[in-house]
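Dear colleague,

Please find the structure we discussed below, for your records and for any further work on your side.

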4 protein chains.
Amino acid sequence: MEEDVLILRKCQSAFEKESEEVSMIKAGIIGATGYAGAELVRILLGHREAEIKWYGSRSYIDEKYAKVYGNMFQLVEDACLDDNIEALAKQVDVIFTATPQGFLAGVLTEEILSSAKVIDLSADYRIKDVRTYEKWYQIEHKSPQFIEEAVYGLCEVNREKVKQARLVANPGCYTTCSILTAYPLVKERLIEPNTLIVDAKSGTSGAGRGAKLPNLFCEVNENMKAYGVTTHRHTPEIEEQLSYAAGETVTINFTPHLVPMNRGILATEYASLKKIRQEDGSYAYPNYEQVKAAYDKYYEEEYFVRVLDKGVYPETKWVEGSNFVDIGFQMDARTGRIVMMGAIDNLVKGAAGQAVQNMNLLFGLPENEGLQLVPMFP
Amino acid sequence: MEEDVLILRKCQSAFEKESEEVSMIKAGIIGATGYAGAELVRILLGHREAEIKWYGSRSYIDEKYAKVYGNMFQLVEDACLDDNIEALAKQVDVIFTATPQGFLAGVLTEEILSSAKVIDLSADYRIKDVRTYEKWYQIEHKSPQFIEEAVYGLCEVNREKVKQARLVANPGCYTTCSILTAYPLVKERLIEPNTLIVDAKSGTSGAGRGAKLPNLFCEVNENMKAYGVTTHRHTPEIEEQLSYAAGETVTINFTPHLVPMNRGILATEYASLKKIRQEDGSYAYPNYEQVKAAYDKYYEEEYFVRVLDKGVYPETKWVEGSNFVDIGFQMDARTGRIVMMGAIDNLVKGAAGQAVQNMNLLFGLPENEGLQLVPMFP
Amino acid sequence: MEEDVLILRKCQSAFEKESEEVSMIKAGIIGATGYAGAELVRILLGHREAEIKWYGSRSYIDEKYAKVYGNMFQLVEDACLDDNIEALAKQVDVIFTATPQGFLAGVLTEEILSSAKVIDLSADYRIKDVRTYEKWYQIEHKSPQFIEEAVYGLCEVNREKVKQARLVANPGCYTTCSILTAYPLVKERLIEPNTLIVDAKSGTSGAGRGAKLPNLFCEVNENMKAYGVTTHRHTPEIEEQLSYAAGETVTINFTPHLVPMNRGILATEYASLKKIRQEDGSYAYPNYEQVKAAYDKYYEEEYFVRVLDKGVYPETKWVEGSNFVDIGFQMDARTGRIVMMGAIDNLVKGAAGQAVQNMNLLFGLPENEGLQLVPMFP
Amino acid sequence: MEEDVLILRKCQSAFEKESEEVSMIKAGIIGATGYAGAELVRILLGHREAEIKWYGSRSYIDEKYAKVYGNMFQLVEDACLDDNIEALAKQVDVIFTATPQGFLAGVLTEEILSSAKVIDLSADYRIKDVRTYEKWYQIEHKSPQFIEEAVYGLCEVNREKVKQARLVANPGCYTTCSILTAYPLVKERLIEPNTLIVDAKSGTSGAGRGAKLPNLFCEVNENMKAYGVTTHRHTPEIEEQLSYAAGETVTINFTPHLVPMNRGILATEYASLKKIRQEDGSYAYPNYEQVKAAYDKYYEEEYFVRVLDKGVYPETKWVEGSNFVDIGFQMDARTGRIVMMGAIDNLVKGAAGQAVQNMNLLFGLPENEGLQLVPMFP
């Protein structure tokens, strides 16, 4: 019994939650035992206005969550529950679905959306054109009627829409990094959008916690490879968002690579510069200051986007564990191209952190509540 | 100018500091650009009652701290200052010295100690017998007059003494892990202390940020080795503390190993069990429950020590980024020995985290203020 | 067709095999697609007197071997065959079984042994006492009648017996390293064998290529843990062999650890020194030279054992890719113990390399034929 | 003395050298203690027609080589010598210089070239236009008179010229991989050469063994970054060679990245396809078969180039420790581009292996002598 008391004390103090629990946001997670789900747990434990009421996990029902993630020993006492989203919706204010593609589309109903906000970490509602979704994902979309309503939860771009949403489509990890790195230059027409090539590198947690041979330590360690070349599912998602920014259809090359590290995405992006009208009326390629000004126009006020100093390029380790996006760029007069580089932690800004950022927007909280995570180095 | 405003906003909100700064603990760090110093910065940025006023670094004077640690971009705007501890002592409430052996001993004065609390992360005041210090460290101790006063800052063991101290000798990384893993069994006389063998494994950040060939990526990666066999300087520190616990002189074997990972220490400890008087008056080796009871006696109320469930052994990843010590053990009836295992993050509980824990004790704050760090996995 | 010609050329030249293939040793591998099996393939491709005739793999029947191991593209053109050992025995001179525990015991017959030599990389015939085997492995031994005949294939210890064998029990990876590191001192009675504690650390390839969650990159990387504490199956194997050396029953502690690297085992071994009769008739602990002399007595003529210089400790990287065992040691006068350290590549000397060494002995070849592998660094 | 005998035996058998040493190629290495130099040692130890006579290392003069590289214990008994290339030239048949940029240019003389073949692993003679060299390397070229004579030692392209050379400029690691991956398509005019973008990723051994902070384990591990963006010195080298192939001046983007692994380069290359005349007289983009035919035209007979099967992309681990170049590609009809991928081991085909390949050409040996290295996996 004494032990129970202790554990309780540990957990309470670990979360530093308010005593009047009535005022807190009740959150449920479906898919809490995947890496993105576990990161949601880590972040929400430190969030002063939210508490987790449901650790959903089809594979580990009734097992203690801390048995699945040993780091949570004495921090989470709950056992895993099933993925009954209808039951869940009645008990919580917000539902996070960190589930395989197609799950949420298969179960979502108007009733659920009337009961709780839904933040979906899968791709089910990210793409407006259902045929594009079905083509790239090779699955039938079971509830296309909600696609129109869903808001693409890239907060820096869609902040105001997110605030009003019931259903948020949380962006993919590669896409978050790829889009934000190029967005201001596409929007300001400083680059030719159809020359854009995104060469992205990701840590292995992006592949999930499934026990698959290619993700074994000995297969990944001391190794590097490209995969899904020209066919990766994040491609149409990047293209759709950049098309909105460009005001025209954008088609790009996107190549993901697997890197022997746990966390982090680095996107190296290439595009041809576009001549712009200069003060003297002539047309010329934008210079460093003009490009920098475009980045500043969109990101200076953004807490989570850090445009690095001239000549500094992002490193994934500099954002590890945090919700930051670090962006650097380099002009190349020889080729008339610009090289843009962006880095995020794929589990934070690329998944759970951005989901919490969206939750904060949905509930009128400061956008960085629970997300003032200082990057860990080394 | 607008940028200044923004940066300020970012930094303020990053720290969430109170507005009345007068009430906050002013902290200075000497050696802020080593890995332990940088971890102090990371932790103190999230501490609601302390603020850093001095980033001391002999090597980077006048350089912006965020240039030395890119992860701190827009989070720390200060430039590095020198290591003038006398000047520093007049401006702050507490000084952390994350400096090479001998530095603090060479500059510490009564005047400094009268002005500010000092928490020393080096070994200068850890060992009470100055000859032992000088023999193992091969340097002359320049201020032995402060050794007696210094309190060995292993909070779980010396909590009350720390609260009264002016000078805290923050324990070594290996020692923290090695001592806490065996302490209750030594104290309760369940093991023969002189049979203790500590086989410890450490991530590479323990070797510091000095540019030395053996610490290069290609030398450490895909490699493992022992070093300092029978001669490592943490040996006498472990022995001294365990001798206090045992009430007799303890001599042990301690072998450190370098592991290809950034953070984490795992100590695997072996000792022969000691027959104890059982309820029926006979003498027999303690059983699992009796050993568990000894651990619980000392650690059940400890926030930062997690004694794992039966059959569960600690993993360094489960404590990464946090101030936890995870402990597991296994009885071996075949050999009459017990195998104890302890894991910490060497930069947190093994250095900066424990230093902040000591600071909290010194200033009457909740011991886990700023240290409710949820371990990051993966 | 041209392509076929090319491929053939590449393969032939890759192996540099003799033209009169009749004289070559024909080898079959059952379990060729596990890591140990793949390492057998790598080594045998460079062996001038052997050729692989059968790539057995239950999981990949009819698939091209080079599809399973991309590194073998254009080097191995064969497809995988099944594990029909009876059929195989008729076609080859030697069979390597790199199979799960119990497989060989379940299928071995006198007929097979009459047709081909068998080198078993599993544990089925390593332990002479079948009850010990069944207790530690928790499986029934299906052909105990062959245990007596089987020779424990630790070449440095059992060389002459191996030469005469039909069935060789190739030692385990941990055991090879653990035994060879302590063997001369046990044999020469310089240490108390029952004080021996083996703390071993292994790269992850030792866990095999099975798709299991604990072996995923993100679970292993940046992590370290002990496992199988007091219960690991290599324990009785080490004990049996050291008992032969000691002339008495030896009971030890053996603790394996998982290290975030692909290859390599480091065994750190502790034992109390034994007083020996000195030249003047007194009894005293052996000194460095006496211990060194014991190592030299057994290993000076051994090609694959490298006893390092005084004060040098082995590193796993120094033997990577090779069949070497590197051994170092350090006396500790303070505790009366010695710390011995041994390092091997678990897939070479700990599995495939030693198997080929055994094959060389069986067929009267130079023991290091095909095994003159220079360790790769970095 | 007995020990000497043993060591000799070990070394001799390790190398399996012919007894009549007179017929062997005598090789000297200047810069033998860098990573590329050490890899030369590893490879030459297994070469049946060459022996190393001079281990030059300015930093370790008179130290035993095996003290600098523990993996060479008992395999190399020599001590390091200085970098007196004039003295060396009189004693050997071939000199490898694995030295910093500018070293060889500063000491090379006609006399040296008359005495011994020189294979330079630095960049001193790779670039024909001395001004380009001086601009990108920021050093004055001290012996431009030898540039014209030097042969760029990319064997697959310049084989016949290499055979006649006295001075071979061994290509850079990035360049070898980048050029060979695109060469057939540039040569056959299937791509627009000026649209070529090379995004390259390298293991850390490419940064050398210098003790520099950015190469520390904790800085590289769990991290990824680009560096030298638009300014890396391998850019003009790639451009020059591709310009020869294209028959016009080629300007490209090249971006190197640092990856947390020891060995391996992966180059991901993007280019716009060029419409070619089809059989019916129309112009259209080449299809898969036409691109494949171009690769086969140049590489089908090449021992060291492996063009992978359709849909298979190279992984650096598949070539580790070997001299292979693995190439895969993917057409993208959506963008009209092709994505080419090439992988090498930067220390083998990217440095020492290619140097030995050049040596074999220079001395009329089979091109793969000593280079039939089977890639090591895992």
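Contact between chains B and D

Two salt bridges are counted between chain B and chain D. In one salt bridge, the side chains of B:R209 and D:E219 meet at 2.8 Å, N to O. Helix α10 of chain B, residues 217-220, gives the most to the side of chain B that touches chain D, contributing four residues. By class, that side of chain B holds 10 nonpolar, six polar and four charged residues. Please note that the model is predicted.

The contact draws 20 residues from chain B and 20 residues from chain D. Between them the two chains bury about 1700 Å², of which 60% lies on carbon and sulfur atoms. Eight residue pairs are in polar contact between chain B and chain D, counting pairs with both residues at pLDDT 80 or more.

Relation of chains A and D

The same surface serves both copies, since 100% of the contact residues of chain A recur in chain D.

Chain D contains an open sheet of six strands in the order β2-β1-β3-β4-β6-β5, with parallel pairing. Its edge strands are β2 (50-56) and β5 (151-152), each of which pairs on one side only. Strand β1 (residues 25-30) pairs with β2(D) in the parallel sense over six bridges. The bridge partner of D:I29 in β2(D) is D:Y55.

With kind regards

Technical notes: Residues are numbered from 1 along each chain as its sequence is written. Chains are lettered from A and ligands numbered from 1 in the order in which they are written. This is a predicted model: local features need pLDDT of at least 70, side-chain atom pairs count only at pLDDT 80 or more; totals for chains, interfaces and linings use all residues. Side-chain values use heavy atoms; hydrogens and water are left out. Two strands pair if DSSP finds at least two bridges between them. Helices (H or I, at least four residues) and strands (E, at least two) are DSSP runs, numbered from the N terminus. Contact means heavy atoms within 4.5 Å. Buried area is the accessible area (1.4 Å probe) that two parts lose on being put together, summed over both. A salt bridge is a side-chain nitrogen of Lys or Arg within 4 Å of a carboxyl oxygen of Asp or Glu. A polar contact is a pair of N or O atoms within 3.5 Å; within protein, one must be able to donate a hydrogen and the other to accept it, and residues adjacent in sequence count only if both atoms are side-chain atoms. Ala, Val, Leu, Ile, Met, Phe, Trp, Tyr, Cys and Pro count as nonpolar, Asp, Glu, Lys and Arg as charged, and the others, Gly among them, as polar.
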